[in-house]
Amino acid sequence: MEFRILGPVQCRNGARALKLAGSRQERILAALLLGADRVVSVSRLVDVVWDEDPPATATRQIRNLTTALRRSLVAEGASDDVLTAEGPGFVLRPRAFDLRSFEEYVSRGEFREALGCWHGPALSGVDSPALRGEADELDERRLSVVERCLDEEISAGEDSVAELTALVAEHPFREAFAGLLMRALHQQGRQADALNVYRQAQTRLADELGIDPGPKLREVYERILRDEPEYGKARCFLPYDVPDFTGREHELRRLLDAVRLGRPVVVDGMAGVGKTSLAVHAAHRLAADFPDGQLFVDLHGHSPAREPLPPEAALEALLGQLDIPASRLPAGVDRRAELWRTRTAGRSLLVVLDNAASAEQVRPLLPGSATVALVVTGRRRLAAVDGAASLSLEVLPDEQAGALFAAASGRPDSGVAALCGNLPLAIRIAAARLQNRPQWTVETLAERLGSEHDRLAELKVAGRDVAAAFALSYQELDAAQQRMFRLLGRNPGADIGVPAAAALAGTGEHEAERLLEDLLDAHLLRQPALGRYSFHDLIAEHAHNAASDEESLPAVGRLLDHYRDGGGNPAWYATERANLVAVTRHALDAGHDDHAWRIAKDTADHLRESGHLDELLAVARTGIAAARRIGDPHAIQLSLASLTLAYWENGRLTEGMDCALERLAVVRASGDRAAEAVALSRAGALHSMLGRYPEAIRFYRDGLAVADETAAATLWTNLSHAQEVLGRLDDALVSARRAVALYEDPRGVILSSAQLGLVLARLGRFEEAFEVTERSITASRDLGYLFGEAWSRIDHADALLLAHRATEAREHAERACAILTRLNHPLLLAMAANSLGTACLALGETSAGHRQHRLALETARRIGYRLQEARALAGIGQSRAARDHYVAMGLPAEPLKVVT
């Protein structure tokens with residue numbers, strides 16, 4: 001059964017509309033639907049039914065009409081609780097509701113589907129002054145979605161002129177439609193028509209309203225007047241296209257034709273044959289055909305010392321290029337793939353998936369829309385893409401290979417390309433060497449290549465080895481350069497910086513940088529970013545094979561020492577993030593367990609700060625595996641602390657609790673009282689998240705019995721929160737003041753002060769509360785402590801809400817949400833979204849409020865945060881479910897709204 005208010009007010013059973021008992025019952029249904037899932041009072045229904053001067057029997061008539069409506073709904077198949085009397089009024093619980101569907105489509109960016117929920121003006125046919133304002137608000141909401149929809153479609157290159165012409169005529173004073181029509185006309189090359197639309201709008205506004213066009217419309221006019229290109233949302237993530245791309249005319253034509261005919265393309269071939277170069281060159285040629293953007297992801301199918309990128313991580317990268325933050329991504333490859341297909345549907349995109357390992361890796365990444373072009377490269381032939389045009393690259397024909405050598409070296413070819421096996425990568429390396437040695441002739445280079453026979457077995461082409469190019473490059477290095485080249489081949493990471501290379505080679509940083517630059521000049525290294533160096537995967541294999549275990553094992557040990565000792569600042573950890581993950585795993589696999597757990601422990605906090613939660617969990621698991629193998633209780637408890645943190649941050653609270661309790665058992669057995677206090681604090685916090693507040697308080701008090709001052713400060717802060725939620729506000733105030741007094745760390749002072757401010761607000765002491773929370777916000781910003789700023793703004797927003805200052809509360813909650821989205825922190829994001837939703841509802845912004853509460857609900861349910869789940873349910877009007885949650889936690893009906 002579907003309920004509708006986006007058009008005529010109806011209750012439909014399939015294709016048939018339920019016949020209502022007159023206009024009064026229709027008005028009642030409209031009012032109940034506008035307040036769906038919330039109590040609508042009888043007095044409100046009286047106002048809706050009778051515009052003024054209701055009869056003395058109005059209340060009885062309302063109850064009779066509503067009871068009759070319920071009977072009709074149940075008779076048509078609705079559940080018994082679809083419409084119930086509760087307290088001062090009635091609650092309607094529609095299972096299918098067009099307004100809810102509309103908002104859900106909008107939240108996913110599916111604007112055309114959202115607009116399809118409308119069947120005319122909101123509440124059409126219902127003439128009630130009491131409902132007119134809400135009907136107008138809904139109609140305005142529809143128009144704003146129309147604007148967003150058309151903005152996206154114009155940016156995607158779609159023809160919207162006819163639709164916008166009608167909208168401008170229907171809404172002559174809505175400047176946004178005039179601006180969109182101007183953009184649509186300009187996009188079609190109709191500059192004069194676009195400018196004429198502006199002049200007509202300008203005249204209309206001046207003659208009838210006496211005003212000038214607003215700044216947004218003027219900006220569109222000025223851009224079109226300058227004939228600037230359409231400024232849509234297109235994003236280009238393609239790598240650099242080499243200017244001397246040579247040959248491959250036949251393959252390039254096949255690839256371009258296939259894409260323009262709507263077919264996916266799969267390019268395969270041996271290493272170094274030029275798959276990526278061809279795909280990137282073609283993608284740049286095609287870019288103008290795909291105005292919504294060109295996406296690129298390296299799947300690392302054959303990158304040395306790196307595992308192939310998991311589909312979940314690849315989908316995170318792709319969705320990130322569509323501006324979807326990691327904090328909004330669902331867990332699991334299937335749900336991410338569904339979101340990927342939804343967000344790309346109907347968009348004109350070009351997607352390049354480079355260096356694929358297998359069909360299994362690629363299959364979840366396939367878009368579902370024919371408007372999305374796909375190019376995949378890999379060494380193996382992939383059967384993952386049905387209907388794809390397969391393009392297998394061989395080495396270059398002799399003429400094209402010679403032309404490539406001439407273009408890259410600036411000299412005519414004299415057999416060098418053939419001696420390189422016509423392999424593009426080898427040709428470019430040989431050409432670079434010749435460029436760097438002006439005294440050599442091409443014949444000299446050819447002679448040296450022809451005399452070299454130590455070749456990579458897997459790179460044989462027509463009886464010739466192409467590894468001679470690499471071997472010759474290596475032979476031309478001096479002894480120190482050769483040694484650095486070999487040792488770099490055993491680097492577990494994806495790239496390397498100067499300090500790490502110095503540790504690997506056992507040299508000073510100045511000498512290491514000189515050697516790296518020498519290898520860069522020889523085209524044996526590339527520089528993906530300033531100060532960072534990496535191999536092409538083919539050369540990395542050559543370097544790895546050239547190194548001996550006798551030489552490399554001590555070198556890798558020095559490298560592990562370097563990563564264990566750390567860089568000492570967040571910027572170093574951010575730069576080395578991928579390497580730290582790889583090095584930790586390598587240390588475990590190689591039996592360097594002490595390095596593995598120590599690097600994992602130090603890396604975990606920085607991965608948490610940067611929001612890389614998948615990597616945090618992987619590193620923490622590696623750390624505990626190494627610590628268990630060592631058997632040292634100290635290593636085990638610290639590694640369990642990291643794993644507990646990883647589960648906490650990923651919202652896997654039950655698994656986090658298991659780790660926390662295991663850690664507690666370990667530290668108690670070892671007699672480490674300080675660690676026991678910290679473990680009790682974390683376990684108590686997990687109990688709080690899971691809604692077990694009395695149990696949390698027991699853990700906090702046990703922790704205080706054994707804690708030093710630093711741990712005690714954290715325990716008092718956490719205890720204050722639990723006491724506050726349980727309504728023990730005097731106790732919460734004492735605990736918060738003790739926490740503030742004990743903390744020496746400025747970050748701890750910020751968090752405990754914010755908690756103190758919220759407790760003061762709950763006690764009605766608003767002036768003191770705002771002074772404390774505002775001071776916490778200022779201190780956070782001065783420190784650059786984003787987590788603390790978000791925490792403080794949430795508590796400040798909740799304090800403002802208690803003081804009925806919703807406008808200011810919304811501002812702080814919005815800022816907190818923005819910070820937490822950037823930090824990818826689901827726990828605090830659930831809190832911030834609830835605070836923002838509450839503020840919006842208090843300001844009468846119902847749709848925005850419900851949207852934020854739904855975000856909080858989804859996040860809280862995913863991670864098991866019971867209190868915020870209950871708050872979100874209450875926010876979206878599911879009061880019974882919220883009350884059940886609160887009761888299950890032993891809390892009053894609305895524990896976060898109490899001021900004493």
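Before we start, one term: a residue is buried when its relative accessible area is under 20%, exposed when that area is over 50%, and partly exposed in between, using a 1.4 Å probe and protein chains only. Hello everyone, and thanks for coming. What we have here is a predicted model, where local features need pLDDT of at least 70, side-chain atom pairs count only at pLDDT 80 or more, and totals for chains, interfaces and linings use all residues. Residues are numbered from 1 along each chain as its sequence is written, and side-chain values use heavy atoms, with hydrogens and water left out.

Let me begin with helix H16. Helices here are DSSP runs of H or I with at least four residues, strands are runs of E with at least two, and both are numbered from the N terminus. H16 covers residues 398-409, which makes 12 residues. The expected span of a helix is 1.5 Å times one less than its number of residues. For H16 that gives 16 Å, and the C-alpha atoms at its ends are 16 Å apart, so the two agree. Which residues of H16 are buried? They are Gln-400, Ala-401, Gly-402, Leu-404, Phe-405, Ala-408 and Ser-409.

Now please find strand S11, residues 349-356. Here 8 of the 8 residues are buried, so the strand is largely enclosed by the rest of the structure. Two strands pair if DSSP finds at least two bridges between them. On one hand, S11 runs parallel to strand S10, residues 293-298, with 6 bridges joining them. On the other, 6 bridges link S11 to strand S12, residues 372-378, and this pair is parallel too. Val-352 is a handy landmark: this S11 residue is the bridge partner of Phe-296, and Val-352 also stands opposite Val-375 in S12.

S11 also holds Asn-355. Most residues other than glycine have a negative phi. Asn-355 has a relative accessible area of 13%, so this residue counts as buried. Asp-37 is another non-glycine with a positive phi, about 70°. You will find Asp-37 in the loop between helix H1 (22-34) and strand S4 (40-41). At 15% relative accessible area, Asp-37 is buried.

Glu-251 sits in helix H11, residues 249-260. Is Glu-251 buried or exposed? It is buried, because its relative accessibility is 15%. Contact means heavy atoms within 4.5 Å. Leaving aside residues up to four places away in sequence, Glu-251 touches Leu-278, Leu-391 and Leu-393.

Leu-653 belongs to helix H31, residues 653-670. With a relative accessible area of 2%, Leu-653 is buried. Apart from residues up to four places away in sequence, its contacts include Trp-648, Met-689, Leu-827 and Tyr-865. Ile-863 is also among them. How far apart in space are the C-alpha atoms of Leu-653 and Ile-863? The distance is 6.5 Å, although the two are 210 residues apart in sequence.

Phe-173, Leu-209 and Ile-211 make a nonpolar surface patch of about 260 Å². Patch residues have over 30% relative accessible area and no salt bridge; like charges are joined within 9 Å, and nonpolar side chains (Val, Leu, Ile, Met, Phe, Trp, Tyr) within 5 Å. A salt bridge is a side-chain nitrogen of Lys or Arg within 4 Å of a carboxyl oxygen of Asp or Glu. Accessible areas come from the Shrake-Rupley method with a 1.4 Å probe, and for residues only the protein chains shown count as cover. Ile-211 lies in the loop between helix H9 (191-209) and helix H10 (215-225), and Ile-211 is partly exposed at 39%.
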